Amino acid sequence: MDNGISCTGKEIALRFITEEELSERLFDVYTKGDNYYMDMRKRAQYTVEKLYTAETHTARVLDYYETILKS
């Protein structure tokens, strides 16, 4: 979720720590509806598309393999 803030400058998900906070977040989603969170969902999708493409994953795997081979 911190990557989302880095990419978009805003939250991309609803944070919680306790079960009570989770319950509050779920209640908010239920009462406010899907449209209220549409911008957040778009930011989350943007973040995933930007950071987790097949190309970036492949590059990370290759970097990892190179690190192993150098050991």
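This is a predicted model: local features need pLDDT of at least 70, side-chain atom pairs count only at pLDDT 80 or more; totals for chains, interfaces and linings use all residues.
The Thr47 side chain reaches the backbone oxygen of Arg43 at 2.9 Å.

I then placed Thr47 in the fold. Thr47 belongs to helix α3, which covers residues 38-51.

Is Thr47 buried or exposed? I read a relative accessibility of 2% for Thr47, and the cut-off for buried is under 20%, so Thr47 counts as buried.

I listed the contacts of Thr47, leaving out residues up to four places away in sequence. Thr47 touches Asn3, Gly4, Cys7, Thr8, Ile12 and Tyr52.

Next I turned to the whole chain. I found four helices and zero strands, and the order along the sequence is α-α-α-α. The radius of gyration is 17 Å, while the globule rule gives 11 Å for 71 residues, so the chain is more spread out than a compact globule. I also took the box filled by the C-alpha atoms along the principal axes, and noted roughly 55 × 25 × 20 Å.

How much of the chain is buried? I noted 10% of the 71 residues as buried, with Thr47 counted as buried at 2% relative accessibility.

Last, I looked up the charges. The chain carries 10 positive and 13 negative side chains, and I noted 6 Å between the centres of the two sets.

Note on methods
Residues are numbered from 1 along each chain as its sequence is written. Side-chain values use heavy atoms; hydrogens and water are left out. Helices (H or I, at least four residues) and strands (E, at least two) are DSSP runs, numbered from the N terminus. The radius of gyration is taken over C-alpha atoms; the globule rule is 2.2 Å times the number of residues to the power 0.38. Buried means under 20% relative accessible area, exposed over 50%, partly exposed in between (1.4 Å probe, protein chains only). Lys and Arg count as positive and Asp and Glu as negative; His and the chain ends are not counted. The place of a charge is taken as NZ of Lys, CZ of Arg, CG of Asp or CD of Glu. A polar contact is a pair of N or O atoms within 3.5 Å; within protein, one must be able to donate a hydrogen and the other to accept it, and residues adjacent in sequence count only if both atoms are side-chain atoms. Contact means heavy atoms within 4.5 Å.
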